[in-house]
Amino acid sequence: MSDQAYNFAYLDEATKRMIRRAILKGLAVPGYQVPFASREMPMPYGWGTGGVQVTAACLTPEDTLKVIDQGADDTTNAVSIRTFFERTAGVATTTQTAQASVIQTRHRIPEEPLRAGQILVYQVPIPEPLRFLEPRESETRKMHALEEYGLMHVKLYEDIARHGEISTAYAYPVRVEGRYVMDPSPIPKFDNPKLGNCPAIQLFGAGREQRIYALPPYCDVVSLDFEDHPFTPSKADHDCDLCGCATSYLDEVITDDQGGRMFVCSDTDFCETRRDAGHRGRLSPEETA
Amino acid sequence: MKDLRDTPLLVVEDLSKRYGARIGCVDVSFDLWPGEVLGIVGESGSGKSTLLSCLAGQLAPDTGRVLYQGHDTLEMGEPQRRTLARTDWAFVHQNPRDGLRMGVSAGGNVGERLMAVGARNYGAIREAATDWLGRVEIDATRIDDRPRQFSGGMQQRLQIARNLVTAPKLVFMDEPTGGLDVSVQARLLDLLRGLVRDMGLSVILVTHDLAVARLLADRLMVMQGGHVIEQGLTDQVLDDPQAPYTQLLVSSVLQV
Ligand SMILES: Nc1ncnc2c1ncn2[C@@H]1O[C@H](COP(=O)(O)OP(=O)(O)O)[C@@H](O)[C@H]1O
Ligand SMILES: [Mg+2]
């Protein structure tokens, strides 16, 4: 089944060792961006080449892989990465969070709580949380080294000054173990509370920027905020129109030209599992109930 | 108990900096006392900016010592030096673009130093920023505007507010009125004079403009070719210059 022209999981063993060293260093220094020699992958940057390399370095033949893009398993991006590893590693794949041992994700953390033994691999476009206000790499490195993080709050200050509240809704900055400030990748801030105290290993790969960072299990992760503007992990104020869930992160879907819209779980596996278990939402077809 | 006012704030000993074969500044020594404004004057290329950068820890001198409240700022590690730079010290650049974040609102610019030292209450930060905009005569309604939308004089006043908000003890200024129109300069000088007096700031002020030096400085150091060739009380140096070069400098100003 696996394509014999490639080494297992595409990358050669020396490259995987190099990436594993970066991952181990990342786990040892939570939130710290470890430089690594990113390889050319047979897909364009922006398609998760960083995440793909991290996944490749983690996979064993016994693993079961799930790939999600904005919560869905069936987008072009998710399908192409899943197919890539089916071909190059021959590993089993799944759409069910509970069945997966390795999950590569873009922009979401699954609703189903992760468990010990699982690895969640994030695709990261811009790993440097300070980049927004300080373009010089030499300077941002120094700021991390010396824990000079005032600038991060300047960004949040600007948010409130302009919008009346912290309007940063994605890639909301966090402080890890009271030390490094980290960009959690463009997950919605709704997912931020799941970053901390998580039984699974979380790995972050940025291909173009050649950085890997990590959260070991049960890490302390705090979302930055002000005393009088505390962090709130908000979501759309609706229930899922398909499964009725009141606590999951929702996507708004336009259903017709007349402005009709519905809210559905962004995590498609979670939603389907609930519907299979008999849960119903406002717009669920009656006859299948 | 020893009063800090009995000891110099800054002690500079035999400071030299060369750029290859070219001289930056040579064997500069002086004491700066609390509340004192020291002007460094001299023509372009005489080493004023080099000296200031060495004092402020932005440039490593080749030889010499700089003691701030008894601590050798060249021996201390970079973390401590950077901490000093955003707490006890401030640096006002000639070009406001070098001292401001142009993409951040006026309030964010003023609030940055507060946040850098741990302020985490938005309301309090905004209040302090509003207060400081008032103190540098910028209308409070401009608090959310970016410096880009400000005139040169306003940008410079904003830079001053941003630097003084944490009540530093020692302020380095490199030609703070440099790029401004004469009338704008006069207003800024008045403002600076008031702030220095009210806050009891110690200032090292670099300028090639003797009129600015006369207005702000208690004491002057005259530099030529990297050397300090004369120093003394401002009136004394300007009214009764001893070195031929200083006499030339003063007379050329008087003719303008
Ligand atoms: N980065 C540099 N590299 C080489 N030479 C420099 C540099 N900066 C300043 N110099 C030289 O050092 C001397 C003093 O310059 P500077 O300190 O800028 O004087 P001032 O501020 O009085 O105009 C000048 O001869 C200048 O050309
Ligand atoms: Mg100069």
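**Pockets, cavity and ligand shell**

Me: How do the residues lining the second largest pocket divide into nonpolar, polar and charged?
Reply: A pocket is an open set of points on a 1 Å grid over the protein atoms alone, with protein on both sides within 12 Å along at least five of seven lines, and lining residues have an atom within 4 Å of a point. Asp, Glu, Lys and Arg count as charged, Ala, Val, Leu, Ile, Met, Phe, Trp, Tyr, Cys and Pro as nonpolar, and the others, Gly among them, as polar. For the second largest pocket, the division is nine nonpolar, two polar and four charged.

Me: What kind of model is this?
Reply: Residues are numbered from 1 along each chain as its sequence is written, while chains are lettered from A and ligands numbered from 1 in the order in which they are written. Side-chain values use heavy atoms, without hydrogens and water; local features need pLDDT of at least 70, side-chain atom pairs count only at pLDDT 80 or more, totals for chains, interfaces and linings use all residues, and the model is predicted.

Me: Which residues lie nearest the centre of the second largest pocket?
Reply: This pocket holds about 250 Å³ of space. Of its 15 lining residues, those nearest the centre are Ile126(A), Lys155(A), Tyr170(A), Ala171(A) and Asp183(A).

Me: Which helix gives the most to the lining of the largest pocket?
Reply: The largest pocket holds about 1300 Å³ of space. Of its 36 lining residues, the closest to the centre are Arg136(A), Glu139(A), Arg82(B), Arg101(B) and Arg162(B). By class, the lining has 15 nonpolar, seven polar and 14 charged residues. With five residues, the element that gives the most is H2(B).

Me: Why does the largest pocket lie between two domains of chain B?
Reply: Helices H4 (137–145) and H5 (150–163) of chain A are among the elements that each supply at least two lining residues. In chain B, the pocket lies between the two domains because its lining takes residues from both domain 1 (4–88 + 168–250) and domain 2 (101–167).

Me: How much of the accessible area of ligand 1 does the protein cover?
Reply: The shell around ligand 1 has two nonpolar, seven polar and three charged residues. Its oxygen atoms lie 2.7 Å from a backbone N or O atom of Gly45(B), 3.1 Å from one of Gly47(B) and 3.3 Å from a polar side-chain atom of Arg22(B). Of the 560 Å² of accessible area (Shrake-Rupley method, 1.4 Å probe) that ligand 1 has on its own, the protein covers 62%.

Me: Which residues line the largest cavity?
Reply: A cavity is a set of points where a 1.4 Å probe fits but cannot get out. The largest has a volume of about 30 Å³, and its lining has six nonpolar, no polar and no charged residues. They are Val37(B), Met173(B), Val196(B), Val203(B), Leu205(B) and Leu216(B).

Terms used. Points joined across faces, edges and corners; volume = space filled by probe spheres on them. Polar contact = N/O pair within 3.5 Å; in protein donor to acceptor, adjacent residues only side chain to side chain. Helix = DSSP H or I, 4+ residues; strand = E, 2+ residues; numbered from the N terminus. Domains from an automatic or database assignment.
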